Amino acid sequence: MNLVYLIPLFPFIGFLVTGLFRKQLSKSLISIIGCGTILVSFIITVVLFFQIKENGALPVHALFPFIPANDFKIDFAFQADQLSILFSLIITGVGFLIHVYSTAYMHEEATAHYGRYFSYLNLFVFSMLMLVLGANYVIMFIGWEGVGLCSYLLIGYWFKNDNYNYAAKKAFIMNRIGDLGFLLAIFWLLSKLGTANFADVFAHAKSLTSFDITGITLLLFLGATGKSAQIPLYTWLPDAMAGPTPVSALIHAATMVTAGVYMIARSNILYSLSPIAQNVVTAVGLITALLAGTIALYQNDIKKVLAYSTVSQLGFMFIAMGVGAYTTGVFHVLTHAFFKALLFLAAGSVIHAMSGEQNITKMGGLRKKIPTTYITFLVGVLAISGFPFTSGFISKDEILVAAYEHNKIVFFLTSFAAVLTAVYMFRMLFLTFFGSFRGTSEQEHHLHESPSAIIVPLIILAILSAFGGFIQLPDAFGGDDFLNQFLSPVVPAVTHEDSGAAMKEYNILVATVIGLAIIYFATKKAFAVSQWTDVYSGFKKVIANKFYVDELYDMIVVKPLHNLAGFLKRVIERSGIDGIVNGVGSFIQYSARQLRLLQSGQIANYVVFMVVSIVVLFTVFWNQTVIINFLQKIF
Amino acid sequence: MPIEYYIALASALFCIGVVGVLTRRNAIVVFMCIELMLNAANLLLVAFSKMHYGIAISNKEAATAAGTDAQLFVFFIMVVAAAEVSVGLAIIVMMYRNVHSVDINFLNRLKN
């Protein structure tokens, strides 16, 4: 029996129940329903995962025809193959931990808002599962839009703060720009192939012209840049930190932003046919990784640093996609989901302990005060920095190897971005947990370790971050290359040339040495907190201001649009349309006022009118043939 | 006499009447001018009836009644005009009693 439709069904039920009865249910009941539905989904996913591991992909399961029109048909169909079940595992697994974490983190909210929060979270998980389990691009697009919507709802969760609303709108609009690209790509596919089913599209991909393929893949990639926060549509992600911290962990680190990567991995057959699109993907990923990594160096908000590191890590994934190492990209999605969720949740725990303080220059010395959070955070930092044999090390190393085999320049720049990762992560670690406490005494008094609902997910994620990479341990260390084999029916396995193994050792060595050197370097510098609070000058100022990208977008997109809107409002609306309407009115008023004067009450005037009118009428009567001829000539 | 003379005379009388109505303010003079126009029309009616009668005679139509209807019409008009004069003069008298003037420009009370 094909149970795949049950996976998204349960979060949907959870969404309806917690959303509709948020005022009636108690907080603990909402927590149980909210987390329970995800747990059920997770268990089903695990069962299906082992089923698929044994027997291969399940057949496509069509629930009902979604758009039936003559001989054109789009089914509401689900598909559980190796790739989508892997993503479902990440979504439900990490999602469940984050739900549990949220029960403690959001505990001070009013009951109705608490219910609203969990209904949004469940809706988000539902949308994300639709996205990865859909068997055609249209169902995928439904999920795609759904996560965009939930992102908007959750970023603007504290809707009484206008800045948060602004961030929510920004995220939604930037996503919409990408969505347009995705939608156009779907239409393009439908017009050329008449189907959006993955199986049919990929089977007939070769019949498309190279122009079509390139166009479609580039439009799909535009969609991916919106959802996965790549240049040019990445600026919404750092602003999205306005939402509650678990939301940042769930949406903006572990799941939603990986939608673009999933989409490209899913469409790998199309991308492999278009070298131009692959190069674009690589270039965009590379530039994003470097740019975001640089910006992260000078951010002082703990969540902003993590946000930029997410953008940077997503860049790594796109580099992997671009150089054709799809499995590697998916692997990095997996490990990134672990350590980024861990980092965000640990950061949430820090913020919780610091009574809402997010500025890392005002923290310091928290190592002793909140030791469990510190240790888990440290594991996360080591993993993302690529400390040997953590999950991040293995996945990032594979990306570097793939890049090396593709192009040396890409390899060196990617390595540099990896070094940047280590630097900004350790800078944050030292500022937050080492040195002396720099907050207010009130905060110091209030410092406490978080409750177990926060700590337990942290520990589980820390274990996964540390050892999760071993499922894809490279051959050089005697690993069995599990993920590569597992995904090979959907995604072509990454194969290395003969020199691959030796090359890998070399890479690992270099990355480790550089990493350790940087860590030492960063340790020395980052202790001096004054280093980071000064007003910057020169190039540092440019970086600290995020390369003025927001200002640039403001200037070239927002301002002109505002001006256009202002022009339309002032000139077209006020002068034009209002002018016509008011003009008709005032013309009638004016002419009536003038015509009124004709009725003077002077009999003599009336008689004059009468006589003149009679004369005119007689003239017309006598000359009527002339006049009729004249009128006929005109019309 | 040729008919054109009558027409010219009637037109002249009518125009004098019109100009008088348009220019004079004295209600009695205006009234007289209206009578003048009325009589210009009467004159034309009589003149044309005589003309038709003459044509019928010259066409050897013995015991013809051609044109007589217009002359009858003129009598009716004179009767109606007499009635109109009595009403009109009565109005003018009433007006004089009320505003102590026969200036028609005083009669603009309906204006506002």
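**Close-up views of a predicted two-chain model**

**View 1. Helices α8(A) and α13(A) come within 9 Å of each other, axis to axis.** In this predicted model, helix α8 (residues 210–227) of chain A and helix α13 (residues 275–296) of chain A cross at roughly 20°. Angles under 35 degrees count as roughly parallel, so α8(A) runs roughly parallel to α13(A). The crossing of α8(A) past α13(A) is right-handed. To find the contact on the α8(A) side, look for T214(A), T217(A), L218(A), F221(A) and T225(A). Facing them in α13(A) are I276(A), A277(A), V280(A), V281(A) and V284(A). Sorted by class, the contact holds seven nonpolar and three polar residues, with no charged ones.

**View 2. Helix α1(A) packs against helix α4(A), with axes that come within 8 Å.** Here helix α1 (residues 6–20) of chain A meets helix α4 (residues 111–133) of chain A, and their axes cross at roughly 160°. That angle makes α1(A) roughly antiparallel to α4(A). This time the crossing is left-handed. From α1(A), the contact takes in I7(A), P8(A), P11(A), F12(A), G14(A), F15(A), T18(A) and G19(A). The α4(A) side includes G115(A), F118(A), S119(A), N122(A) and L123(A), and V125(A), F126(A), L129(A), M130(A) and L133(A) also take part.

**View 3. Chain A touches chain B through eight residues of its own and nine of chain B.** On the chain A side of this contact, five residues are nonpolar and three are polar, while none is charged. For a sense of confidence here, the predictor gives the complex an ipTM of 0.75 and a pTM of 0.78. Chain B itself averages a pLDDT of 87, and 96% of its residues score at least 70.

**View 4. Chain A, the setting for the helix pairs, has 28 helices and two strands.** Stepping back from the details, the C-alpha atoms of chain A fill a box of roughly 115 × 65 × 55 Å along the principal axes. Of the 635 residues in chain A, 49% are buried. How much of the contact in chain A with a separation of 6 or more comes from residues 24 or more positions apart? Such pairs account for 81% of those contacts.

Technical notes: Residues numbered from 1 in each chain as written. Chains lettered and ligands numbered in written order. Predicted model: local features only at pLDDT ≥ 70, side-chain atom pairs only at ≥ 80, totals over all residues. pLDDT = per-residue confidence, 0-100. Contact = placed C-beta atoms within 7 Å. Nonpolar A, V, L, I, M, F, W, Y, C, P; charged D, E, K, R; others polar. Axes fitted to C-alpha atoms, helices over the stretch in contact; angles between N-to-C directions. Helix = DSSP H or I, 4+ residues; strand = E, 2+ residues; numbered from the N terminus. Parallel < 35°, antiparallel > 145°, perpendicular 65-115°, else oblique. Left-handed = near helix turned anticlockwise from the far one by under 90°. Buried ≥ 20, exposed ≤ 12 C-beta atoms within 10 Å, placed from the backbone.
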